[in-house]
Amino acid sequence: VCLYQALPQLAYIGILVSLILFIFAVLAMNLMGRLEHTGCIGPNTNFERAPIAALTLLGVATKDRITCPIHAAMVQPPYCDQEAGTCGTPGLPQVFFVLFSLVIMFTTLEMFVNVIIGSFEDLTRAAGLPITLARINQFQDSWKILDPRATGWIALSDLKVLFEDLP
């Protein structure tokens, strides 16, 4: 139910992610669109056209192939032609891909989690359930005291202490 109610908001986030992918694909076309086809820059993975560039960036966003395009985008002679402009620029791909990874990671992670938690909060408030975000935070704080090394386990004797500490 919680996920079902969050679907419209998740669709908007999907549109935002698609827009970010398109913007970075166009930027990649301008910065790395004429690279020599070596390594992982080939006919199906390149920055020559927007749709293929977006799919290439989607692979980078999922961390499926992040190091290979970075190295391939820094190709230097004798593996490319400097006069034809098919060589890469050292340093530029690292900055580009790190910036892209940060933007896409924070957009997807933060927004998806916030939408799901917000929907969960709305549902608990509507149903009159005693579980709220504040109580979840109290539980986490109480658990951190009993499990300071974040192992995910507490002693059975600490369970009573945990429940007594909660409101």
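Is Cys 40 buried or exposed? In this predicted model, Cys 40 counts as buried, because its relative accessibility is 5% and the cut-off for burial is under 20%.

## Disulfide inventory

Two disulfides turn up when the whole structure is searched. One of them is formed by Cys 40 and Cys 68, and another by Cys 80 and Cys 87. With the bonded cysteines of the protein numbered in sequence order, the pairing reads 1-2, 3-4.

## Cys 40 and Cys 68

The sulfur atoms of Cys 40 and Cys 68 lie 1.7 Å apart. The link is left-handed, with -120° about the S-S bond.

Cys 40, at 5% relative accessibility, is buried, whereas Cys 68 has a relative accessible area of 32% and is partly exposed. The value for Cys 68 is 32%, which means that Cys 68 falls in the class between the limits of 20% and 50%.

## Cys 80 and Cys 87

In the disulfide of Cys 80 and Cys 87, the sulfur atoms are 1.9 Å apart. The angle about the S-S bond is 100°, and the link is right-handed. Both Cys 80 and Cys 87 are buried.

## Handedness and burial together

The left-handed link joins Cys 40 and Cys 68, with Cys 40 buried and Cys 68 partly exposed. The right-handed link joins Cys 80 and Cys 87, both of them buried.

How values were computed:
Residues numbered from 1 in each chain as written. Predicted model: local features only at pLDDT ≥ 70, side-chain atom pairs only at ≥ 80, totals over all residues. Heavy atoms only, no water. Disulfide = S-S within 2.5 Å. Buried < 20%, exposed > 50% of the residue type's maximum accessible area, 1.4 Å probe, protein only.
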